[in-house]
Amino acid sequence: GKGHWFKFEGEEGTTPATVTDQLLTEMKSIIKEDTPIVVSEKPYAEVLEYFQGSSQLFAARLLERRIPIGGLVKVSSLSSGGKQHHRLWRFPLLPSTGALASDASMSLMPYSLGGFLLVSGGGYEPQPAIAGSIKDQLLWASRSGFASVSDLCGVPEAAGQQAVFVHAAEMRLEGSIAHMAGEVAARHAKHKIKVICIAGPTASGKTTFSHKLSLALRSVGVPSVPLTVDHYYLPLDRQPKYQARKDRGDVDYDSIESMDVELVQQHINELSDGKTVMTPVYNMKTGFRDPPGKQLQLPAGGVLIIEGIHALNPEYTSTISAEEKYRIYISPITMLSIDDHNVIKSTQHRLCRRICRDFLFRGNSASKTLSMWPNVRRGEHTWIFPHQNNADFVLNSSMEYELPVLKGRLEGLLRGVRPDDAHFATAQELLAMLDTLPTWSESSVPVTSLLREFIGGSAFDVH
């Protein structure tokens, strides 16, 4: 099932069950009314006044800073309790509230980290690792004053203020990495750590992070070497799903069966024993390894850092004891509000990163990347997310300035997705999200930034 986390404004603790029960009763009443949801365009001044009067302050501030072309605002509306209710239109909704009646499993429950959860689509499995990062991100947003896209719209380019914001966001991420390096060094001093495993969904910035972590560990006296295990794909002629039809489109690169797990294990053990290995270099364009590979050896007393979408899978490190491993889960966890009811989703953030990277380094159009996305997401739920709660540390790799910087690249790519394309609706949803954001220059992004993995110009060997 899916869980959506809500908190009342100013609420500190968990929402009482009496309150969630009352809310659920009211929700079911609205669903039973089967009220139509109407999309319309209304005059700017009228909508702005409505949002200000109904305490939709994020929406009001967004309208003040991003005035729509033509002066008309697209809104979604419904009538309930004798009143008209309006929200900024963000994406196609259900035709009426009654359409929600099909989900009989929908429920509300008090949440231990505060507020309550709306659970739909079946049972909910707690995700404490990610929930903790979300809570930290919300706390930072509250303290910094950057909780919504309208706050980004208010940062002027004059006097280098956008550049200062970029560097502040970079420093916050660097601080998290330095803290993690300190934890690793403390554990390493008590009991030798052989392997640091870094995993996360696509476009999380795993490769750049592994290099940045290696530098941070060096600064605290722990030598290390990063190894990208995503280069350990089986050559095309050994891919199980390629054999039947000899069609590369059948290969599922998000499945662990596409990986040379035996070679990964062999190299981890040999490197940990101080031996030199020749690691593979996988060529995504040909589907084969480029000879001769890369020679790799750990420095004396060094730690091996492995990164890849399957790096937390126990199969990779089954010969290494739990005490000799440090596990890190990385993902951009975005909490920027668009308005008072919608946030930019972390999956949208990752998709935007990937569209830019795939075009720049793999020659894929936005349509091609969008066509692969459903299968990528299925693979994440199967192979990555089940291991996230086993991590010793969860790193939020998002930086608030990213989407304004990526916007300049994304708009051109997404506008190339034609109306007759099967993925046109997704492209339009992303464009609508980007339209709420300002456009910032790439010039202030440091060459050591994790974002450089997706826009080029990185100081690290990440492709």
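**View 1. Strands β3 and β4 form an antiparallel pair.** Six bridges join β3 to strand β4, which covers residues 83-88. Strands are DSSP runs of E with at least two residues, helices are runs of H or I with at least four residues, and both are numbered from the N terminus. Two strands count as paired if DSSP finds at least two bridges between them. In β4, K83 stands opposite S80. The hairpin of β3 and β4 has two residues between the strands, and G81 there takes a positive phi near 65°. The model shown is predicted: local features need pLDDT of at least 70, side-chain atom pairs count only at pLDDT 80 or more, and totals for chains, interfaces and linings use all residues. Residue numbers run from 1 along each chain as its sequence is written, and side-chain values use heavy atoms, with hydrogens and water left out.

**View 2. Strand β2 also pairs with β3.** Strand β2 spans residues 38-43 and strand β3 spans residues 72-80. Their pairing is antiparallel, over six bridges. K42 has V73 in β3 as its bridge partner. In a regular strand, side chains alternate between the two faces of the sheet.

**View 3. A99 lies in the loop between β4 and β5.** Strand β5 covers residues 107-110. A99 is partly exposed, because its relative accessible area is 33%; buried means under 20%, exposed over 50%, and partly exposed in between, with a 1.4 Å probe and protein chains only. Not counting residues up to four places away in sequence, A99 touches D34 and L94, where contact means heavy atoms within 4.5 Å. A216 is 117 residues from A99 in sequence, and their C-alpha atoms are 52 Å apart in space.

**View 4. D435 sits in the loop between α12 and α13.** The two helices span residues 424-434 and 452-455, respectively. With a relative accessible area of 49%, D435 is partly exposed. Its contacts, leaving aside neighbours within four places in sequence, are R66 and K407. P68 is 367 residues away from D435 in sequence, while the C-alpha to C-alpha distance is 9.5 Å.

**View 5. Helix α12 has buried residues covered by other helices.** The buried residues of α12 are A427, L430, L431, A432, M433 and L434. Their cover includes α9 (346-362), α10 (366-384) and α11 (402-414).

View 6. The C-alpha atoms fill a box of roughly 75 × 55 × 50 Å along the principal axes. Buried residues make up 48% of the 463 residues. Among contacts with a separation of 6 or more, 75% join residues 24 or more positions apart.
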